[in-house]
Amino acid sequence: MADQQFSAPSRVSSGIRHINQDHRRGYVKIGNHLAQHRELSMGAIGLATHIQSLPAGAKVTIKALAERFPEGEVRIAATLRELEEHGYLARYRERLPTGQIVTCTVSYNNPPARWTEKLREPHDPASAAPAPAPEPQPEPPDGPEPMPEPEPEPDAVPEGIAQARELLARLRLRDPRLVLSERDTVRLAPAAAVWLERGLPPSAVIAALTRSLPSTPIHSPAALLAHRLRELLPPRLPDPGKGRPGPPDREIHPLRTCDGCDRAFRSPVPGRCRDCRPPDAQAA
């Protein structure tokens with residue numbers, strides 16, 4: 001019996017061939033700007049993909065990631081810094097109402113324009129080789145990691161700060177040029193919260209920040225808003241209970257006709273004017 005022969009494909013290619021099936025659940029979308037990044041290491045691309053697949057509130061500290069992956073804390077710390085340098089990650093410190101300082105992490109599935117503009121530059125084939133991964137360095141003692149435990153829940157942000165963040169995020173609805181990044185919104189929120197604490201409704205704050213905007217392109221909306229929040233800050237209203245007592249109201253007496261000279265003068269009772277009174281009556 002002859003051996004069974006398999007049909008060879010009509011066209012043979014040495015490159016990759018894809019067999020794709022649609023995912024119904026449990027998947028994450030990433031852009032080619034990340035998957036095919038020319039400067040990120042493979043480890044950074046993989047870690048960015050893992051972080052973007054996590055739900056909001058998940059722990060992404062160096063310690064937590066080291067428990068999940070075999071690379072170790074030094075390598076993971078270097079990879080996180082690599083993602084920060086290319087705009088896919090941002091870390092900032094925030095003080096809770098209890099006084100505890102924590103580190104918050106923001107993941108960007110599409111970095112702000114100042115990073116993506118570089119990716120749009122013409123590609124030089126001579127520089128197509130991927131850049132080597134940075135040498136791992138120990139995390140400095142005063143660095144943002146490790147985060148204090150336990151991590152804060154999202155509702156731990158003070159109410160005034162949360163309202164200020166929402167106000168700043170909605171400015172782009174008034175003028176599309178006032179688009180702020182997540183980091184800029186967090187940074188400007190305390191200054192905007194001062195306006196709200198001084199009794200201004202959000203609509204009045206938005207009107208003050210967007211009034212008489214320049215007609216030219218706004219290259220740095222965060223800098224413009226920071227200037228207006230600082231320079232246009234209204235004064236505090238005086239406390240009615242702590243104001244200085246005003247002078248007592250002066251009583252105005254009715255007009256009288258002098259019994260001696262028929263001249264009009266003001267007095268609480270009828271009688272004579274000052275010029276017609278006897279000396280002894282004036283002294284009294």
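These are my notebook entries on one protein chain, read from a predicted model.

**Entry 1: the whole chain**

I began with the secondary structure. The protein chain has 11 helices and four strands. I then looked up burial. Of the 284 residues in the protein chain, 29% are buried. Next came the surface. The protein chain exposes about 20,700 Å². Carbon and sulfur atoms supply 53% of that area. I took the contacts between residues at least 6 apart, and 55% of them join residues at least 24 apart.

**Entry 2: rings**

How many aromatic pairs does the structure hold? I found zero. I did find a charge over a ring. The charged end of arginine 68 sits over the ring of phenylalanine 69. The distance to the ring centre is 4.6 Å.

**Entry 3: helix H10**

I went to helix H10, which spans residues 221–231. Which residues of helix H10 are buried? I listed Pro221, Ala222, Leu224, Leu225, Arg228 and Leu229. They lie on the same side of H10, because they cover an arc of only 160° around the axis. I then asked what the buried residues of H10 pack against. I noted three partners: helix H7 (171–174), helix H8 (182–197) and helix H9 (202–210).

**Entry 4: serine 181**

I moved to the loop between H7 and H8, where serine 181 is found. Is serine 181 buried or exposed? Its relative accessible area is 15%, and the cut-off for buried is under 20%, so serine 181 counts as buried. I checked its side chain for a polar partner. The side chains of serine 181 and aspartate 184 are joined by a polar contact of 3.1 Å.

**Entry 5: threonine 49**

My last stop was helix H2 (residues 42–53), which holds threonine 49. Its relative accessibility is 22%. Buried needs under 20% and exposed needs over 50%, so threonine 49 counts as partly exposed. The side chain of threonine 49 reaches the backbone oxygen of isoleucine 45 at 2.8 Å.

Which residues does threonine 49 touch, leaving out those up to four places away in sequence? I wrote down Val28, Ile30 and Leu34. I also took a C-alpha distance, from threonine 49 to lysine 29. The two residues are 20 apart along the chain, and their C-alpha atoms are separated by 8.7 Å.

Technical notes
Residues numbered from 1 in each chain as written. Predicted model: local features only at pLDDT ≥ 70, side-chain atom pairs only at ≥ 80, totals over all residues. Heavy atoms only, no water. Phe/Tyr/Trp six-rings, centres within 6.5 Å; stacked < 30°, edge-to-face > 60°. Lys NZ or Arg CZ within 6 Å of the ring centre and 35° of its normal. Helix = DSSP H or I, 4+ residues; strand = E, 2+ residues; numbered from the N terminus. Buried < 20%, exposed > 50% of the residue type's maximum accessible area, 1.4 Å probe, protein only. Contact = heavy atoms within 4.5 Å. Areas by Shrake-Rupley, 256 points an atom, 1.4 Å probe, with all protein chains shown as cover. Arc of directions from axis to C-beta. Polar contact = N/O pair within 3.5 Å; in protein donor to acceptor, adjacent residues only side chain to side chain.
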